[in-house]
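Biologist: Let us go through the terms one by one and set each value against its cut-off.

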Amino acid sequence: MDVTQFNDKQLDILKQFREAVRDCQLPNSEDAYLARWLIARDFDLTKAEKMLRNSLEWRRRYKIDSLREDFKPPDVLRKYFSAGFVGRDKLQSPLWITRYGKSDMKGILRSTKKKDFVMYVVYLVETSIWRVTSDPQKYKRSPGAIVQTTIIFDLEDLSMQHITNKQAVDAAIKIIQIYEANYPECLSRVFVINAPKIFSIGYPILKPFIHERTRNKISIFSHEPKQWKAAILAEVDPEELPVCYGGTLTDPDGNPNCITMVNMGGEVPKSYYFSGKPDTSNKKSLTIASGSKEHLEFQVEHQGDVLKWNFHCEDSDICFAVYRKRENELIPIVPHERIECQISAEEGEIICDETGVYVVEFDNNFSYLRSKKVWYSVKVESFSSKMENCNRFDSL
């Protein structure tokens, strides 16, 4: 897909769009970047602008622009979540392979936080885009070409464990929502292969969250190698594709699975699992009745002070948010989010740009059956003290 293929009306809308968002700090100033949002919203200028501005706020909130440098993927994800870059398709888009069926999602999500797993996938997406934009000669990319990715999604060995594990399903839905909202038109094709019969149980759960435009790019094949290999080879040259998927690419030692590029997943050793319950020492407890919420107020005396939190919930999850109080209004600072924190504690901090009262919220409104017990530590730390601690650490 290329901006040079736009007609005069579409080019005029693109020009108007650039003018409408000129106040925004864009991660990419190319026409191709702006075109993605217009295409995703059928060239409706108002809807495209809203979508882009929401995404830029998401990037700012989660520091996506520095994710490739700052995010350190947990070992268990690098070793046991099977996803990797192998080459290019015939349109010079990056080709990724995910062996989801061979990934022990239950073990992975007992060893790392769901939000870290989700952020790891975002990290892979950002890496894919960076590969293309940083090396246009290798990918033979014109300035007007929209960066897209082709994915082979291998479901060999998919089991009911993948489909019935709540955390795995929740993570998949979250990833789809993030991708649809923040990476429009980044997908070229998806080949779902080796889909077992039970896939018909899992896919309907995810389908409502996938935009129709995205669904039209997904081709699903069962255990019929002749069919899916032919479909993939119509889009990918053999030298760019591992032997096990119908190509000629191998590892240096001749391995047809190219495990140096995409690991084979496998069962996660229990040594990676979170051990026991989170520590309750130096924490206070709070019981939140079913269908209710609790607010804790903290006074911030100096601009730049740091509000820090560490909490976990006994045997369940809890919704968490941070607000700044302004008269009778609560201004959202950390967005309301349901947190799985019964196995490992949730930690975080924000730099307070303004003085005043900050409100930490624990919300159990979604649960009408039982109360929740939360163990928490929340404190305000001066920014100067934080920097002194960092300098002390750096000098060690």
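Modeller: The crossing of helix 7 and helix 9 is right-handed. The model is predicted, with local features needing pLDDT of at least 70 and side-chain atom pairs pLDDT 80 or more, while totals for chains, interfaces and linings use all residues. Residues are numbered from 1 along each chain as its sequence is written, and side-chain values use heavy atoms, without hydrogens and water.

Biologist: What makes a crossing right-handed?

Modeller: Helix 7 (residues 114-134) and helix 9 (residues 166-182) pack at about 40°, with axes 10 Å apart. Axes are lines fitted to C-alpha atoms, for helices over the stretch in contact, and angles run from 0 to 180 degrees between N-to-C directions. Helices are DSSP runs (H or I, at least four residues), as are strands (E, at least two), numbered from the N terminus.

Biologist: Which residues make the contact of helix 7 with helix 9?

Modeller: Among them are Phe117, Val121 and Val125 of helix 7 and Ala171, Ile175 and Tyr179 of helix 9. Contact means heavy atoms within 4.5 Å. By class, the contact has 9 nonpolar, 1 polar and 3 charged residues. Nonpolar covers Ala, Val, Leu, Ile, Met, Phe, Trp, Tyr, Cys and Pro, charged covers Asp, Glu, Lys and Arg, and polar the others, Gly among them.

Biologist: Why is the pair of Phe311 and Phe362 called edge-to-face?

Modeller: Rings of Phe, Tyr and Trp (its six-membered ring) pair if their centres lie within 6.5 Å; planes under 30 degrees apart are stacked, over 60 edge-to-face, the rest tilted. The centres of Phe311 and Phe362 are 5.1 Å apart and the planes are at 75°, so the pair is edge-to-face. Phe311 is in strand 8 (residues 306-313) and Phe362 in strand 12 (residues 356-363), 51 residues apart.

Biologist: Why is Phe17 called buried?

Modeller: Buried means under 20% relative accessible area, exposed over 50%, and partly exposed in between (1.4 Å probe, protein chains only). Phe17 has 0%, so Phe17 is buried. Phe17 lies in helix 1 (residues 8-20) and touches, among others, Leu34, Trp37 and Leu45.

Biologist: What lies over the face of Phe85?

Modeller: Arg131, at 3.9 Å from the ring centre. A charge sits over a ring if NZ of Lys or CZ of Arg is within 6 Å of the ring centre and within 35 degrees of the ring normal.

Technical notes. A crossing is left-handed if the near helix is turned anticlockwise from the far one by less than a right angle, and right-handed if clockwise. Lists of a residue's contacts leave out its neighbours within four places in sequence.
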